[in-house]
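Trainee: Can we go through the aromatic pairs and one of the helices? Start with the terms, please.
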Amino acid sequence: RKCIASGELMSKDQLLRCVVGPDGFVVPDLGRKLPGRGLWVQAKPEALAKAIKTKAFARAAKANVKLAPDFQDQVLALYKAQVLQRLGLMRRSGHIELGFEKIKTKAVKAADKNVLWLASDTTQASAQKLPIEAERRLPLTSEELGSQLGRAASAFLLVNKQACDPAMLRHMDHLGHFIPNSLLSEAEPQGSLQVEAKPAIR
């Protein structure tokens with residue numbers, strides 16, 4: 001697919017699909033199911049900013065379109081909501097284990113079936129106390145995760161590998177672009193330290 005901002009051909013995994021709604025407003029389509037011609041833009045804030053500034057959405061749609069003043073904020077909020085909703089469903093389905101001691105025990109017993117994810121504000125000192133290396137640092141704080149998972153805060157998530165669907169992982173990666181330094185492969189978030197880890201799931 002071609003990014004409407006840069007004109008570059010990119011994998012669909014790198015792109016955000018948008019459509020023009022009946023009212024003429026550009027609508028982010030994270031699920032890629034809304035009717036209408038897809039307008040594909042790289043899922044990064046700088047690409048969205050360029051698309052807006054250069055009126056790339058109108059050119060791609062071949063029509064006059066409208067954009068909400070807070071369009072980029074809407075995209076960020078949608079990504080965050082999608083990720084949190086999916087994590088909540090996984091927790092209720094028994095695919096996410098919480099609690100330091102429970103994770104410590106289960107990580108040893110079923111290390112080949114689970115991966116460890118960290119909140120963006122989890123420190124290296126805390127993570128190194130677990131017998132499993134972190135595979136991903138989520139672009140969400142422990143409080144944001146806890147609010148969705150039924151706790152005051154959730155610094156660690158032990159996740160069943162089989163429950164990690166590609167769409168959710170893609171949304172996590174895209175969300176990470178809008179919240180700088182959130183992934184383990186990038187610089188550490190302010191206030192916490194780098195965790196030596198395996199490459200993040202893509």
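Mentor: Helices (H or I, at least four residues) and strands (E, at least two) are DSSP runs, numbered from the N terminus. This is a predicted model, where local features need pLDDT of at least 70, side-chain atom pairs count only at pLDDT 80 or more, and totals for chains, interfaces and linings use all residues. Residues are numbered from 1 along each chain as its sequence is written, and side-chain values use heavy atoms, with hydrogens and water left out.

Trainee: Which residues of H3 are buried?
Mentor: Among them are Phe71, Val75, Tyr79 and Met90. Buried means under 20% relative accessible area, exposed over 50%, partly exposed in between (1.4 Å probe, protein chains only).

Trainee: Now the rings. How many aromatic pairs are found?
Mentor: Three, in a search of the whole structure. Rings of Phe, Tyr and Trp (its six-membered ring) pair if their centres lie within 6.5 Å; planes under 30 degrees apart count as stacked, over 60 as edge-to-face and the rest as tilted. Phe57 and Phe71 have ring centres 5.8 Å apart and planes at 75°, so they are edge-to-face.

Trainee: Where do Phe57 and Phe71 sit?
Mentor: Phe57 is in H2 and Phe71 in H3, 14 residues apart. Both Phe57 and Phe71 are buried.
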